[in-house]
Amino acid sequence: MAEKVDYKHTMNLPVTEFPMRANLAAREPEWLRFWDEIDVYGKSLEATRDGEPFTLHDGPPYANGHIHMGTAYNKVLKDLIVKYKSMRGFYSPYVPGWDCHGQPIEHQVEKNLGPEKMAAIGQAKLRELCRDYALKFVDVQREEFKRLGVRGDWDDPYLTLAHEYEAGNVEIFKKMYLDGAIYKGAKPIHWCIRCHTALAEAEIEYGDETSNSIYVAFAFTDATPWDAEGPTSMLIWTTTPWTLPANVAVTLADDADYVGVKLADGRVLVMAEALVESVAAVAGWAEADYTVLGARVKGSALAGLRYAQPIHDGVTGVIITGEHVELSTGTGAVHTAPGHGAEDYLVGQRFDLPMPMPVTDDGTFDAGGGPFAGIGVHDANPRIIEWLAERGTLVAATKISHSYPHCWRCKRPVIFRATEQWFVSMDGTGLRDNAMRAIGQVEWIPGWSVNRMSAMVADRPDWCISRQRAWGVPIPVFTCTKCGETIATETTFDAVIALFKTEGADAWFTRRPAEYLPSDTTCGRCGAGAHDLKPEDDIVDVWWESGVSHTSVLDARENLHRPAELYLEGSDQHRGWFQSALLTSVGAYDAAPFERVLTHGFIVDGDGRKMSKSLGNVISPLDVIKTSGADIIRLWVAASDYSQDVSVSDEILDRTSEAYRRIRNTFRFLLSNLSDFDPADEVAWEDMPELDRFALVELADLAERVTKSYDDWKFHQVFHAVHGYCVTELSSFYLDVLKDRLYADAAASRERRSAQTVLARVLTTLVRLVAPVLTFTAEEVWQFTPKALRDGHVSVQLAGWPAPAVPVDEAAALRDAYAVVLEVRDAATRALEEARNAGTIGKSQEARLVIAAPGDVRTVLEGRTSGALAEMFIVSSVELAAVDADAVSVRVEAAAGEKCPRCWNLRDLGDDGLCARCSGVVAAL
C-alpha cells in the first residue's frame, strides 16, 4: 500500500502575524503611544498645509466629571469627520475645548465645601477652587477623549478660563453694547431659588410636575351689568397661588362673550360663556346649583372695571384685555402679575401696569407678601389656598400634572421672577431679523433642523445674559456710587480687555477700577472719578461665554478661521451653543460663525429610554473601553443614524462587536495571502482573469459609495457599505472562490499573482476607507501590511484617500454580466445546499451542475468559460443545458473523477496520483 503523502508544504497556505483576537483593550494604548511618538497630528497638518481648509469647531463640554456615552459619541463623530477630511487632503486642524466656568462647576465646588465652609469663603478663594476643579477635569477628560482615539491639539486646547478667551467676551460685549443691543432692565425671567440666579431658556429642563389648580373669585368694586342679581365677582383660574400677592390685573379676551353665573348662595361669578360647563364640572355644580344669567358682555366692555385685590385689603386691580387669553381651559379670565410671567409682563407694559415683586432671591416673601411674609413660595401655596377658603373667595381647588420648567443644575422647579438683569435685545437693533437671515444662509444637517432653529430664534424673548454667581466672566460695566449711573464706554471696555488679557477675569474681583481705568475716567452724569466707580457683581451667562468662541478661538488662532466649515453638537444645542454663537456673531459681525451645522440625537437605551442610575441602564464608555476597546465604541458611533436618538445597550454593543469581528477577519485573510507578494509582481488589468477584473470594479464602486456617504455626512451608510462588502462581496463570494487559486496554484503563476494584485488593492483601499472610524484597527492593519505596499507612509492616517480607477466601459459591461452570473450563483448555492442535505454530495467540489436558463441568461453564462463558472460556483464542473428554459434551474449531480489529495478537487488523476494542475506545481518545486 502506497504511503500517504503530506502535500501541505507544497501549498501556499495563509501566513500572517496579524492576530485573530483583537484584544483591543490591551493593544490600543500601544497605538496611542505610537501616534504620540511620530506626532501623527502634526504630520497630518504638515502634509495638508496647502490643502483647502476645513475647520470643525469643537463645542466645549463642561470640565466637570468623567465622560459619558453622549460625550463619547459626540467626540468620536467629530474625530471621524476630521480624519476623513484630512485624508482627503483638506487642512483640518482640530482644537478641542472646555467650558470651564459656570454653575455646574460652581455647584459641585459648593457641594464639596459644604454649607458651613461655603458661608465663610470669600469670592476670590471660591473662584480659585473652581479653577482648580475645572483644570483637574480638563486633564481627566483629555486623557479619556484621547483613549477614544480622538486626534487633535491636546497640548494646547482652548479653555474658557484662559486670559485671552475671557478678553474675547468683553470684545463682543463692547461691540453689541455700543451698538445698543445690550441693556439693563427689570422683567420676569426664570429664577432658581436654590441656586439664587437667573436662568436663560437654554438652562431650563422640562419635567412633569403636580401643581395646585384653583378658581378664585375677585370681588368687583365697580358696578357691573349683573349687580342686581347679587354680589358679583370675576372668576379667575391659576396654577400658581403663590403669585396672587403680586396680582395687579385680570386679563380678558377682547371679543369673547362673558356671562354672569348665579350660584345657589346668591353670588354671581363672571366668566367666559364658552367655559361655563367645564368650570361647573371642576367645581362640582349640578345643573340645579347654578344659573347662567341673560346678560352677555364682550370682554372689551368690561375693560377698566376694578376689583378688590385678593390678598391685600384696600388694594384694587383692573380688568384689561389681551391677545394671549385662550378659551380652552380655565375661566377666560387670566390672573395677571407682570413680575411673574412673560405674557403678563408684556401686557403690563402695554397698559402701564405696576410690577410689584414681593419674592426675594431665596424664594421667600418680603412684606409685599402681606400675611405670607417670610414664607417660601412653595410652602405658601397650601396656606394661600386655605386662607382664600376661609375668606370665602375660593370656588374650587384641584391638582393638575403638567410639564414645568426646572433648573438644569439642581433639577428643582424654577419660578418666574422680575429682577433687574442684563439683556440682549432681539429686536431693538434688528438682531432677530438678521439672525433669521443668517440661518437661511447656513446648511443644516439633517435638513429638517433648520425649522427647529428658525422657530427658536423667531419666538425667543430677549436674552437674559446676567447671572448672580461667582465663577465666570463679569458683566464688564461699572456703576457710579454717587448717582447710580452706568459707566460703559469704549475707553472703559478697552481697559477691561487689556486687564483680562494680562491678568484674567479674576482681577475684576481683586483690583479697584481706579487701578486699571484711565485716570481721566469720569461719570458722564455727575462727574465722579474712577475712585467712585463700582464694578458690576453679576457674571455673564455661560452660554454667552461658549458662544463667543468664534472670536476667542476661531479669530484668535492662526490655523483656524471664522466662519468655521462645521459646528457639530447634540440637538439640544439649537437653544444652547448654536444659538448663542449665532446671536453673538450676528450681533458683532452680522454673519453666522458657521457655514453648516450638524446635530445628532440623544443617547438612549435599547428601549428608547433616557439613561439614568435609577433605571440601572447607564453604560459607561470607560467600561466598554476596558472590556471591548474603543474601536467598538467608534464602530457603534458610525453605525448609528445620528438624525434620530441613538440607542446603546449591551446587546447592541455585542452586535457591533460581531460586525467588527467580521471586518477584522476580512483584513486578516487579506494580509495572510500577501506575505509573498511584491508590487513588482502586479498583474495588469488586461492580463487578469475576468473575475479579478470584476472584483476591482466592485472595489471601485465601494470606494465611490463610501466616499459619497462620508461627503453626505451619512456615516451609517459608510458602515453598512463596508460591512456588507466584507460579508457579501468578499467573504461570501470572491475570497471564497479565490482560495483554491491562492492556495493550490503555483506561487508565482499569473493567476495567483492576479488574485494577489486584487487582494493588495482591496487591502490598501479598505484599510483607508475605514481608518476614520476604526482608527486603532486600521493602524494595526497598516503596520502589518507589507512595507512595499505602504508607499512610505508611516501611518494609515497619512496615507491619503483611495480612489481606485477602472476602465469605464469595461466596468459597466462587467457589472451587467455579473449581475446575471451572481443571480445564477445564488440559485446554484441553494441547489447545492439541498443536495448536501439529501446526501447526494458532501462538499460542493464533489458536485457537477447542469444549468438550464432563459436565452438572455444563457448568453451571459456562455460568455464565461466552463472552468470560470466552475471556479465561481466552487464545483467540479458546470454544463449548460442545450435548450432554453423559462426560468433558471440547477440540477446537482455527483461529479466524475477522483479527489486530488493536494487540492481536494475531483479531477482525473495522473500516475503520481495528482491532478494535472497540482502535478505541475509539485514537479516545479
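Is His 9 buried or exposed? I open with that residue because His 9 is exposed, with a relative accessible area of 67%. His 9 belongs to the segment before α1, the helix of residues 24-38. Please keep in mind that the model before you is predicted.

Let me turn to the chain as a whole. Its secondary structure amounts to 30 helices and 32 strands. The radius of gyration is 38 Å, well over the 29 Å that the globule rule gives for 925 residues, so the chain is more spread out than a compact globule. The C-alpha trace spans about 125 × 80 × 50 Å along its principal axes. Of the 925 residues, 56% count as buried. If we take the contacts between residues at least 6 apart in sequence, 78% of them join residues at least 24 apart. The exposed surface comes to about 38300 Å², and carbon and sulfur atoms supply 49% of it. As for charge, the chain carries 92 positive and 133 negative charges, and their mean positions are 4 Å apart.

I now come to the sheets. In general, strands of a sheet pair through backbone hydrogen bonds, either parallel or antiparallel.

Consider the parallel case. Four strands form an open sheet in the order β1-β24-β25-β17, with parallel pairing. β1 (56-57) and β17 (443-445) stand at the edges, each with a single partner strand, so one side of each is left without a neighbour in the sheet. Within this sheet, β24 (residues 566-570) and β25 (residues 596-600) are joined by four bridges. Glu 569 is opposite Thr 599 in β25.

The antiparallel case is another open sheet of four strands, in the order β5-β4-β16-β18. Its edges are β5 (197-199) and β18 (463-464); each has a single partner strand, so one side of each lacks a neighbour in the sheet. Two bridges connect β16 (residues 415-424) with β18, and Phe 423 faces Cys 464 in β18.

Strand β7 (residues 232-238) takes part in both kinds of pairing. With β6 (residues 204-219), β7 runs antiparallel over six bridges; Ala 219 stands opposite Ser 233 in β7. With β10 (residues 268-272), β7 pairs in the parallel sense over three bridges, and here Thr 232 stands opposite Val 268 in β10. How many of the seven residues of β7 are buried? Six of them are, and the strand is thus described as mostly covered.

Next, a helix. In α10 (residues 342-350), the residues Asp 344, Tyr 345, Val 347 and Gly 348 are buried. Which strands are included in what covers them? Among them are β4 (182-192), β8 (249-252), β13 (316-321) and β14 (333-336).

Just after α10 comes Asp 352, with a positive phi of about 55 degrees. Most residues other than glycine have a negative phi, and most peptide bonds are trans. Asp 352 lies in the loop between α10 and α11 (377-391), and at 68% relative accessibility it counts as exposed. Asn 23 also has a positive phi, near 50 degrees. Asn 23 is in the segment before α1, and at 46% relative accessibility it counts as partly exposed.

Two peptide bonds also deserve attention. The bond from Ile 445 to Pro 446 is cis, with omega near -5 degrees; Pro 446 lies in the loop between β17 and α13 (449-459). A cis bond also joins Arg 562 and Pro 563, where omega is about 5 degrees. Pro 563 is located in the loop between α18 (549-555) and β24.

I close with a residue in a loop. Gln 797 sits between α26 (775-784) and α27 (808-838). Is Gln 797 buried or exposed? Its relative accessible area is 4%, so Gln 797 is buried. Leaving aside neighbours within four places in sequence, Gln 797 is in contact with several residues, including Trp 35, Val 40, Lys 83, Met 87 and Arg 151. Gln 797 and Met 87 are 710 residues apart along the chain, yet their C-alpha atoms are separated by 6.5 Å.

Terms used. Residues numbered from 1 in each chain as written. Predicted model: local features only at pLDDT ≥ 70, side-chain atom pairs only at ≥ 80, totals over all residues. Heavy atoms only, no water. Rg over C-alpha atoms; globule rule 2.2 N^0.38 Å. Buried < 20%, exposed > 50% of the residue type's maximum accessible area, 1.4 Å probe, protein only. Contact = heavy atoms within 4.5 Å. Areas by Shrake-Rupley, 256 points an atom, 1.4 Å probe, with all protein chains shown as cover. Lys, Arg positive; Asp, Glu negative; His and termini not counted. Charge placed at Lys NZ, Arg CZ, Asp CG, Glu CD. Pairing = 2+ DSSP bridges.
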